[in-house]
Amino acid sequence: MPVEPPPSPWLFPHPGEGDPDGLVAVGADLAPGTLLQAYRSGIFPMPIGDGRLGWWSPDPRGIIEPDALRVSRSLRRSTRRLATTFDEDFTAVVTACATTPRPGGWITPGFVDAYAHLHHLGWAHSVEVWDDTGHLVGGLYGVAIGGLFAGESMFHTTTDASKVALVSLVEAFRLGGGLLLDVQWWTPHLETLGATEVPRREYLRRLRIAVESPQVQLGPADDSGGS
């Protein structure tokens, strides 16, 4: 079971008190206790434009219903072509999410260290995607609290690799008793996989139930480690 860290000295405002973009607060730190308090409150960290640490609770909120996952025929072929593992190399996944070129990249070395610490305590998890030569070509990471999985970021260096990671996550999440899979903001890319939006009030209602539920068990759907 995950190890509970010391509580945060910071007090977050109610997540419904943010600005129209969902910015709730600025400042605080990335200590494990602060991160867990934020996720349990429906808030997640992301730097704002001037480099300060922002805390967000968007309305509406992007989620994926575990039973609504969409897997196209071509994506299903990719799941057979690429292998997936869970928590095999967490730091490599977060580092790749931080360093793979993309518009709006925001993951700083401080974030890499903070989530690696959270992983060491058993709260943060990764899905790795490997090609047939054993190279890491995609993945994602996020935070699991009770029946919540809060997705943070994903990357790919070959076609469909990040989607394969998400397919493996959603399938494992459903089988492991997960209740609420948070993807923060809806995007057209995530919509192709079944992502939808819910009002923040509904998200927070479901969050309260999820974080008080038994800890979701994440892992491959079979003994092979593949998807």
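Q: The radius of gyration is taken over C-alpha atoms, and the globule rule is 2.2 Å times the number of residues to the power 0.38; what radius of gyration does the protein have?

A: The protein is a predicted model, in which local features need pLDDT of at least 70 and side-chain atom pairs count only at pLDDT 80 or more, while totals for chains, interfaces and linings use all residues. The protein has a radius of gyration of 17 Å, which agrees with the value near 17 Å for a compact globule of 227 residues. Its C-alpha atoms fill a box of roughly 45 × 35 × 35 Å along the principal axes.

Q: How many helices and strands does the protein have?

A: There are 7 helices and 10 strands. These are DSSP runs numbered from the N terminus (helices: H or I, at least four residues; strands: E, at least two). Residues are numbered from 1 along each chain as its sequence is written, and side-chain values use heavy atoms, with hydrogens and water left out.

Q: What share of the residues counts as buried?

A: Of the 227 residues, 53% are buried (under 20% relative accessible area, with exposed over 50% and partly exposed in between, using a 1.4 Å probe and protein chains only).

Q: Which residues of α1 are buried?

A: They are P32, G33, T34, L35, L36, A38 and Y39. Because 7 of the 10 residues of α1 are buried, this helix is largely enclosed by the rest of the structure.

Q: And what covers the buried residues of α1?

A: The cover includes strands β2 (44–47), β3 (53–56), β7 (136–145) and β8 (148–156), together with helices α4 (109–120) and α7.

Q: At what angle do α1 and α7 pack?

A: Helix α1 (residues 32–41) and helix α7 (residues 200–211) pack at about 125°, with their axes 8 Å apart. The axes are lines fitted to C-alpha atoms over the stretch in contact, and angles run from 0 to 180 degrees between N-to-C directions. The two helices are therefore oblique to each other (under 35 degrees is roughly parallel, over 145 roughly antiparallel, 65 to 115 roughly perpendicular, and the rest oblique).

Q: Which residues meet there?

A: Y39, R40 and S41 in α1 meet L204, L207 and V211 in α7, where contact means heavy atoms within 4.5 Å.

Q: What comes just after α1?

A: G42 follows, with a positive phi of about 90°.

Q: New topic: where does A96 lie?

A: A96 lies in helix α3 (residues 90–99). At 13% relative accessibility, A96 counts as buried. Its C-alpha atom is separated by 31 Å from that of P20, 76 residues apart along the chain.
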